[in-house]
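Me: I would like to learn how to read ring pairs and a nonpolar core in a model. Please take me through an example.

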Amino acid sequence: MYVTARRVEAAGQCMLCSESSLSEIALSHGFCDQSHFSRVFKRETGLSPQTWRKLYSGTTSRRKQSA
């Protein structure tokens, strides 16, 4: 459970910092495929990876612009 939570956390940071596809991020963070990553990510965060990325990458962009 700990390793899975750390993988999800690392993948989330990667989603904010890069434009890589979700399947590339899933594979690079130790998930079997995008479907597996999406199920685990939603279980851990309550949001799908795509929804989470849209929600939080917009916040990050606004922070960078105002700084």
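Reply: Start with the aromatic pairs. This is a predicted model, and a search of the whole structure finds four such pairs.

Me: How are the rings of W52 and Y56 arranged?

Reply: A pair is classed by the angle between its planes: under 30 degrees is stacked, over 60 is edge-to-face, and the rest are tilted. For W52 and Y56 the planes are at 45°, so the pair is tilted, with ring centres 5.0 Å apart.

Me: Where do W52 and Y56 sit in helix α4?

Reply: Helix α4 covers residues 49-66, and W52 and Y56 are four residues apart in it, which means about one helical turn separates them.

Me: Is W52 buried or exposed?

Reply: The cut-off for buried is under 20% relative accessible area. W52 has 14%, so it is buried. Y56, at 35%, is partly exposed.

Me: Which residues do the ring pairs link into a cluster?

Reply: The cluster consists of F31, F37, F41, W52 and Y56.

Me: Which residues make up the largest nonpolar core?

Reply: As a general idea, nonpolar side chains in soluble globular proteins tend to be buried together. Here the largest core has eleven residues: V8, A11, M15, L22, I25, A26, F31, F37, V40, F41 and W52. Helices α1 (2-17), α2 (22-28) and α3 (34-45) each give two or more residues to this core.

Me: What is I25 in contact with, leaving aside neighbours within four places in sequence?

Reply: I25 is in contact with A11, C14, M15, S18, S20 and R53.

Technical notes
Residues are numbered from 1 along each chain as its sequence is written. This is a predicted model: local features need pLDDT of at least 70, side-chain atom pairs count only at pLDDT 80 or more; totals for chains, interfaces and linings use all residues. Side-chain values use heavy atoms; hydrogens and water are left out. Rings of Phe, Tyr and Trp (its six-membered ring) pair if their centres lie within 6.5 Å; planes under 30 degrees apart count as stacked, over 60 as edge-to-face and the rest as tilted. Buried means under 20% relative accessible area, exposed over 50%, partly exposed in between (1.4 Å probe, protein chains only). A nonpolar core is a set of buried Ala, Val, Leu, Ile, Met, Phe, Trp, Tyr and Cys residues joined through side-chain atoms within 4.5 Å. Contact means heavy atoms within 4.5 Å.
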